[in-house]
Amino acid sequence: MEGFEEAEILLVEDSPEDAEITIRGLKRANLGNKVLWLKDGEAALEYLFADGQYAGRPTPRPRVVLLDLKMPKVDGLEVLKQIKADPRTRTIPVVMLTTSTQEGDMLRSYDLGVNSYLVKPVDFKQFSEEITRIGYYWVVMNKVLG
Amino acid sequence: MSPGSERGRPAARSAIERQAFAGFFSAIVIVALVAFIGYASARRFIETSRSVAHAHAVLVALQGIQAALNDAISAQRGYLITSSENYTNDRETAISDLETSVQLAKELIVDNAQQARLRLLEQQLAKRRALLDEIVVLQQTEGFEAVRERMLAGDTRRADSDLRETLAELETEENRLLSARTAADLRAARWMIGALLGFIVTVVALLAWLFNRIRTGTAELERTDAAVKRYAEEVHDLYNRAPCGYHSLDENGVFVNINDTELQWLGYTREELIGRKHFIDLVTEPGRSGFAHGFSLYKERGQTSDVELDVIRKDGSQFHVLLNSTAIKDENGRFVASRTTLFDITLRQQKERQIAVLNEQLRQQTAQLEAANKELESFSYSVSHDLRAPLRRIDGYAQMLEEDCAAQVAGDGKRYIDVIRRSCQRMATLIDDLLEFSKLSRGEIARRAINMTVLASRAAEEALAACQGKRPQLIIETLPDAHADPALIQHVWGNLLANAVKYSSKREEPLVRVSGVRHNGSVEYHVADNGVGFDMRYADKLFGVFQRLHATDEYEGTGVGLAIVQRIVTRHGGRVWARGEPDRGATFSFSLPAEDA
């Protein structure tokens, strides 16, 4: 469990394959070592609020949260809602990742205060480029508040 | 049956009465006037006749005086000759007659001049009598000779001639008066006759006028009666043949009148209903109690409207009616009869029920459709998410395979991986297009005025920018404005122009022309190219989803574009069609209803 506190990118993704593809993209941008992958929304919330299995740890502040929209138990929108509703986590940038091209999800995400929204392209090369861009922007370029 | 004809009568009657009264009054006045003239002239005639008779009487009296005087003189002479006492008596009688006649004349004569003459005559008579007496005394005392002497003195003769002269004057004057009065009397008689004639003529004329008035009045009455009868027949006919039922009920609710139409509906004869049946007995139970209560209320209020009832025919079947009624009351406000109109609304009721059933069906169908739409939405959501996710993984892992295991998958292996990845891309495009088609097929249409020239030009720019082959020459004519959803119509232009650019891109001199025309009630647009065209035999396949007329490696595309075009135009109430010939270009057209259509 060492190194959790150092995680700069929190990836919340239920599909191991998608997670692997995403992490591979991030590695290309030399951001692969700073990624923490959690498999569902519940774990993500416990991690962010130092609760449940992460209880007692100092509150972590990742540079960016990459959040899959469709997940079992607690879905991406619910996680986003809780992050943005709590003053401790409100300023952490959240990028919504989704396969869906439906506009409704995007609108709801923006309503809840998402910082960026990425429809994952089918093309792996395109996807890698997008992930790299997002990684650079939020981790390297963006000065996190606080 | 009709209240209006009765109401119109009194006024006409009083007018006729007034006229008759005026005629009668003027007739009386005329007759009275003429009668008065007659009466006055008759009175005058009587007056003049009386004065004529008076003149005659005066003359007779004067003649009496003359005669009595002559008698007296004659008796005097007889006495003088004979000295017989007989003559003395005769003389006394004559003198007495003379006095009577003079007295009569005095009573009769009123005229001043005549009275003066009469007084003169009296004096002369008195003088003469004195002479007579003097001579008689002379005879008795001195004898006949003395008498002769006295007579020869001549004053007896003079007295006689004076008397005769005065009498003659009196007679002459009286005769003059007589003739004047006779003439006046004749005039008065003529006047009277004239007045009488006038009276007769007037009465006859009045009678003739009256007769004529009566005759024309009778003819007029006959004409009016005929008109009234015709009118009554017409009203009766209208009443009976009206397309609605009419009836009247007395205060107990018993029929007093009913028209043929309602009888026909009910299946009764008039005799079976009038004075015998209560209308309430023909009403079915649910309405019957309401009607019983409502009828007394209606009699008070004076009317009732739009009451719906089920009425039973003689054969027991029923029909549904709409009842409207007005209460007819007398001048004291007492209920006389109802005047009721019935409409058979069985059909309307059936239709209303059908409509209600259809509405319910429609509501259910709409609910089903909404449910289906929701389902479709969640389905397309699943499609967009669940079908794309594995594709991305296939593509991603194929790429990883190529990158990480290059040594093992060299040669054909690399080509296989390419095929896998291209297939993934195509599948992804198909899914995206399908979702797009599904999205554009649903959702609201927000119509407003669109400048189609601007919209088409913008779409053309995008199509040219995406063009990978030879860029065509583009001609966009001025297009008529449309009234439609701009976001959706933009897809139509985008697809049609992209197709035109794509399928003409292999020409030497590709050309795309956009034109439009306004028709009565619609606007029509055409996109023509000189590209590869198509065989009209396959024209019906053009607008189907995933239907393509060209191989994918020849021209890219999923076959959804024209399906989207057709769906959007159809949803706007328009029409899509295409003409083409292999290798000679194609023209795609669509029409939209005009705003005012």
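User: In this predicted model, what does B:L496 touch, not counting residues up to four places away in sequence?

Analyst: Leaving aside residues up to four places away in sequence, B:L496 touches B:V527, B:V565 and B:F588; these count as contacts because C-beta atoms, placed from the backbone, lie within 7 Å in each such pair.

User: What makes the set around B:L496 a nonpolar core, and which of its members touch the most others?

Analyst: The name applies because the members are buried residues of nonpolar type joined through C-beta atoms within 7 Å. In the largest core, which has 43 residues, B:A456, B:V492, B:W493, B:L496, B:L497, B:V527 and B:V565 touch the most other members. Among the elements that give two or more residues to this core are α12 (452–465), β10 (522–529) and α14 (561–571) of chain B, while α13(B) supplies the largest share, nine residues.

User: Which residues belong to the second core?

Analyst: That core is separate and holds 34 residues, including A:L31, A:L48, A:L66 and A:I92.

User: Why are β2 and β3 of chain B called edge strands?

Analyst: In the open sheet of five strands, ordered β2-β1-β5-β4-β3 in chain B with antiparallel pairing, β2 (255–258) and β3 (303–312) each pair on one side only. Neighbouring strands of this sheet are turned by 30° against each other on average, with direction ignored.

User: How do you know that β3(B) and β4(B) pair?

Analyst: Pairing requires at least two bridges, and β3(B) and β4 (residues 318–329) of chain B have eight, in the antiparallel sense, so the two strands qualify as a pair. B:D310 stands opposite B:H320 in β4(B).

Notes
Residues numbered from 1 in each chain as written. Chains lettered and ligands numbered in written order. Predicted model: local features only at pLDDT ≥ 70, side-chain atom pairs only at ≥ 80, totals over all residues. Helix = DSSP H or I, 4+ residues; strand = E, 2+ residues; numbered from the N terminus. Axes fitted to C-alpha atoms, helices over the stretch in contact; angles between N-to-C directions. Buried ≥ 20, exposed ≤ 12 C-beta atoms within 10 Å, placed from the backbone. Contact = placed C-beta atoms within 7 Å.
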